Structures are given as structure tokens and as C-alpha cells.
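Reader: Got a structure I'd like to go through. Can you put it up and walk me through it?

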Protein chains: 2
Amino acid sequence: MVNASDLEQAQLIGLDWGSSSLRAMLIDAQGLVLEMRASPQGASTLSGGAAGFSRVLDALIDDWRVPGLPLLACGMVGSQHGWREVPYARCPANAATLAAGALSVDWRGLPLHLMPGLRCDTAAGVPDVMRGEETQILGAGVAQGCVILPGTHSKWAQVVDGEVRSFATHMTGEMFALLRQHSVLGRLMPAQAGEDPAAFAQGVLAARDQGGLGLLHQLFAVRTLGLTGQLPHASLADYLSGLLIGHEVRAGLASRQYDAPLVLIGEPALCRRYGTALEQFDSGPVPQLPNTAAAGLRDLARLVPGVL
Amino acid sequence: MVNASDLEQAQLIGLDWGSSSLRAMLIDAQGLVLEMRASPQGASTLSGGAAGFSRVLDALIDDWRVPGLPLLACGMVGSQHGWREVPYARCPANAATLAAGALSVDWRGLPLHLMPGLRCDTAAGVPDVMRGEETQILGAGVAQGCVILPGTHSKWAQVVDGEVRSFATHMTGEMFALLRQHSVLGRLMPAQAGEDPAAFAQGVLAARDQGGLGLLHQLFAVRTLGLTGQLPHASLADYLSGLLIGHEVRAGLASRQYDAPLVLIGEPALCRRYGTALEQFDSGPVPQLPNTAAAGLRDLARLVPGVL
């Protein structure tokens, strides 16, 4: 059961509802998390439409239901296969743009406000999209910066005057998992292995100094360095991680449009890897923030009409 | 049963024995194939060591057994998990270098000569390897050239004075299969789809003109172009193919060390894709040869002591 004083101090219930997980947060006026509950029932695991989503909340936060306590959600819950599709807002976008795009659904008589994702198109007309990360970017409170959110689909966002001007996705995390689980490169890697920071650094340096040879070529070295015994099999996953993150950092820094400071947001162990890689590219140290969705949702709540 | 006149004209039995398949060829003095038989029993499908490999030949070419008709094999049959490991020859290497590295095994009383693979190390000490392609490169009869062998693991080899000076592997084919079968990108692709040459060309152009954004970023467009309806779902696999081949071609051309003519060797439909991509990079038309292992094995047979 919820702590009564937490519920009293709460100004908002925030949901960070991604593809593979849900984090429900009781948030105070400062954007701090009073209580947090997690569920593996991400948007991509749910079928049955609105009723399926609603039942997840019934089971997870029924004791947080207080008339007048607003509910906001960001992430894949607002996608085509989510609770309700919320069309993407377009870059450039700030908190007001996003709040204006919110749509609400009904959770047993209470309105739940779903935030839109964000879309930007390159000059060549190639679209890019995010859902959830835009809220974390706002939550970081960065007026000018290049905000990096490492993950399955990493995002690099250019923020100017508190506005997300453009962003780019890099499929780095998914590529690592794919190559490790399904490719010829994974075959040499033991299931369990300790971390090898030196092998990670070696992979980053290969991307930095010989990246022009191309990622599709350099990946094969994960196999040959193992076959020839130049790297222990237990270190190959870290070399691969360094190579992939190095290629992302190389491309991300090269396409930075504004000379603004870098900020990392996300899972601390992953942010540390990116921080290390950025330093190898002479672009560090870079401040690292944990998930900032709570503060982002608090900011958005103030701008969605009739919420706060 | 074998045609008696073919067997009379034959000068050599050549085996192109890769990971996933075996092609056995009855070869004449000109390096032409009189008869060809294929088996899906590639080296990676066999266990049981020498006996397993021997039984495959018993079943496939028992009627080709003629005392005095020499047997040569190239490919993964000479790898660590093959019939017998034949150590890699080192670049620079020509036909004599490779022939000198051959080792033989016994097939029911007849010697089978296994050719070595080839290894080259970059200046930075990163190794690269091939097994089988070196024989096709020889078979192309190119004195000066950049020989491209598209495939699961494409090879770009620099040939000077008939010597393979260096080469680079690109995991393009494996990456295409991985992304199509196991990634978020494959989810939008229908199981069956006709070819869309325009979508392929669009992917190549994206790699050529915006490759600096990085492959890990550009791959995500396969998803977003599908989600936004800018490309039909049935065209996404061709766009992905163009993007990957475009990145390979971009890196391969950029790291070419000698200004020698390009040659493509391999499966005709795949070579056509590469030919198209190379023309988009203003590097065509490029001559395209089908598998040249037979001519390569004929050349090697003349140089292995006691064979011809």
C-alpha cells in the first residue's frame, strides 16, 4: 500500500510506458519521485487494446487513484499499437508544442493524458522518430545542448533555446544484441564473462582511427581477433561494444549542428561506457543523468490545459 | 553415372567446399567444368572429423574415382573444424605461395590436396582471413585489379602483378540476413516481395550521399520510411540491401590502395546488384564473372608438387 504522506505530497502520477516496460511514478511539485513501481508489461507485450492497458494500471497503482491527482504518460503507450495513437509532434518542438499535442484516454473515470512522440525529417526527407525520449530531454532542463540517450535505439538530440531542433537515432543497442545472439561473431563469446575495459577501449579506438574502413568491415575483426588469439574470447563482447559505440559517437559528433555542451541521460552503466568513449574522442567529461522522465512529465503537466 | 568421355577429358577433380555447401567439379586442362555436382553438406554441417568428410565424397563422386586423376579442394574444408586444418598463407601471396602451403588427406587410398586460406594483417595489426575466395581470385586471371567477391562475408582484394597484396572482409550479406530475420526492421517486411530496383537505388544513394551520418543511424530509416508510408513495405528489403551494399562500396572504394580496374566475381544476381551500386558511385561498368574456383584449382594443381 502507498504511504499516506507520499500520496498527500504527490502532485502527479507519471507513467514512462515504453515497449518493454512500464515505470509508474508518484511525483511531487519539484519533479522528484516519491514512489516508483515497475512492471514488465510494456506496450509491445500488451494486446486487447484499451482494456489491456487499463488492467495493467488496475494491478499496479490502484491505491494511487485519487480524484484530482492528474495522470500523464509518455512513450510507446501513445503509438499506433498503444492505448491510443497520439500523432507525432514535429521538430522544432518545446514543452508547449508537446503539451499541445497530448490526447487523453479514460482509466475508470479518470483522464490519463498521453504525450505525443516527436518526429524530425532530414533535408533529404528521411524521417526519424522518438517516443518517450522527448520527455526525458525536457526533464534534463538543458537550454542549449546535445543530449545523448544511449539504448536499444540511441538518440542524439540538438537542443537550442529549450527547443529540440533535430535528432538522430542510432540502432547501436539492438545491433549489439543481434550480433551477439545471432551472428558468427557471437559464437566465440562465452555466455558469462567479466568486463574488460581495455578491450572496450580498443574497440572505440578502432572506430575512431580506422572508422573510414567501414563498420561492416571492422565488425569482422571481432571474429579474427578471437580466432588468432589476439583477444581472449571473454573480451570479444566488450570489443564489439566499443566498436559499435565508437561508430555511433564518431557519426554523432561529426553531424553535430551546434557547438553546445553534451549531456548523457540513461542507465548509469551504459552512460559510463558512452562517457568513456566520448573522452577517447576528446569530448569529455560529459555530465551523466539518470532517467529524467519524472521531471519532464512534471513540466508537461503544467502546460497541458486543465491538468495542474 | 559419369559420362565416360568427360572422365577421359578430365584433368582434375576440384572441390569448392565452403561452410554451407560443396561443389564438386570435373575440370579439363583449360579449367572448364565438364560436370558439376552440388551437395548441401558444407564443412560447418559435418561432424565426425575425417570420416564424415570422406563419406560425403563417397556418396557424391564415387564414380569419379580414377587412380591418377588428382583431387584438389579449397574452402572451409581446410579450416580448424574441417577435414584437416591447413594454416593460412600470408599476404602478399600468389598461386605458388598458396600451392606451397597445401596439405593432403587420404580419401580411400587417393590423396586429396587441401589448399590453404589466406590471411592479411592491417598496419594496425588487425587480422583478416579468407578460405576459398583466394582460389576464385586466382581463377579470375587478373594481373592488376581490385577483385570484389560479394556474399555473406564479401571480400575486396587488391591484386598487383598476380599477387594478392591485401584484402578486406565486409559482413554485408550476414548483416542483411540478421536485420531481415531478427531485427525491428524485418517486422515491416512481407515474407514474399518482388524486386524494387528504385528502392535499392535509393538505399545506395543514401549511403553515397549521407554515409557520414553512420550506418547505425541510417538503418533506422528502413523502419521510419515504412512507418510513414514513404516506401511500401514490400520495398523495404531492397532499400536495406541498397543501404548495406552502398556502405560496403563506399568503404571499399575509399580504402582502395591501387588504381587498378574493378572485377566482380560471384552469384550473377548479387553481382548485378553490386554492379548497379558501383555505377552509382561512378565506378562502372564493372566486369562480372561467375564462380571462378575451377580455373583457380586448375592453376594451383600445376604448382602443387607431384599433382600434374
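Author: Below we take the chain contact, the domains, some helix pairs and a few backbone details.

Reader: Ground rules before we start?

Author: This is a predicted model, where local features need pLDDT of at least 70, side-chain atom pairs count only at pLDDT 80 or more, and totals for chains, interfaces and linings use all residues. Residues are numbered from 1 along each chain as its sequence is written, and chains are lettered from A and ligands numbered from 1 in the order in which they are written.

Reader: How many residues of chain A are in contact with chain B?

Author: 36 residues of chain A touch 37 residues of chain B. Contact here means that C-beta atoms, placed from the backbone, lie within 7 Å.

Reader: Which elements of chain A supply that side?

Author: At least two residues each come from β9 (127-130), β12 (163-170), α5 (172-182), α7 (215-218), α8 (220-227) and α9 (236-254) of chain A. Helices (H or I, at least four residues) and strands (E, at least two) are DSSP runs, numbered from the N terminus.

Reader: And how do the residues on that side divide by class?

Author: 19 are nonpolar, 14 polar and 3 charged. Ala, Val, Leu, Ile, Met, Phe, Trp, Tyr, Cys and Pro count as nonpolar, Asp, Glu, Lys and Arg as charged, and the others, Gly among them, as polar.

Reader: What rotation superposes chain A on chain B?

Author: One of 180°, with 0.0 Å of shift along its axis and an RMSD of 0.0 Å. That is the relation of a two-fold axis. The same surface serves both copies, as 100% of the contact residues of chain A recur in chain B.

Reader: Switching topic. Where are the domains of chain A?

Author: Domain 1 covers 4-141 + 292-301, and domain 2 covers 172-289. Those bounds come from an automatic or database domain assignment. Taken over C-alpha atoms, the two domain centres in chain A are 31 Å apart.

Reader: Back to α9(A). At what angle does α5(A) pack on it?

Author: About 150°, with the axes 10 Å apart. Axes are lines fitted to C-alpha atoms, for helices over the stretch in contact, and angles run from 0 to 180 degrees between N-to-C directions. α5(A) and α9(A) are therefore roughly antiparallel. On the scale used, angles under 35 degrees count as roughly parallel, over 145 as roughly antiparallel, 65 to 115 as roughly perpendicular and the rest as oblique.

Reader: Left-handed or right-handed crossing for α5(A) and α9(A)?

Author: Right-handed. A crossing is right-handed if the near helix is turned clockwise from the far one by less than a right angle, and left-handed if anticlockwise.

Reader: Which residues meet between α5(A) and α9(A)?

Author: From α5(A), A:T172, A:M175, A:F176, A:L179 and A:R180; from α9(A), A:A237, A:L240, A:S241, A:L244, A:I245 and A:E248. By class, that contact has 7 nonpolar, 2 polar and 2 charged residues.

Reader: What about α8(A) with α9(A)?

Author: The angle is about 150° and the axes are 10 Å apart. That makes α8(A) roughly antiparallel to α9(A). Their crossing is right-handed. A:V222, A:L225 and A:G226 of α8(A) touch A:L236, A:Y239 and A:L240 of α9(A). The count is 5 nonpolar, 1 polar and no charged.

Reader: Over in chain B, how do α6 and α10 pack?

Author: Helix α6 (residues 197-210) and helix α10 (residues 268-280) of chain B pack at about 45°, with axes 10 Å apart. α6(B) and α10(B) are therefore oblique. The crossing of α6(B) and α10(B) is right-handed.

Reader: Last topic, the backbone. Which peptide bond of chain A is cis?

Author: The one from A:C91 to A:P92, with omega near -5°. A:P92 sits in the loop between β5 (89-90) and α3 (95-100) of chain A. In chain B, the bond from B:G284 to B:P285 is cis, with omega near 0°.

Reader: What is the phi of A:R108?

Author: Positive, about 45°, although A:R108 is not a glycine. A:R108 lies in the loop between β6 (103-107) and β7 (110-114) of chain A.

Note on methods: Two residues are in contact if their C-beta atoms, placed from the backbone, lie within 7 Å. Copies are superposed by least squares on the C-alpha atoms of residues with pLDDT of at least 70 in both.
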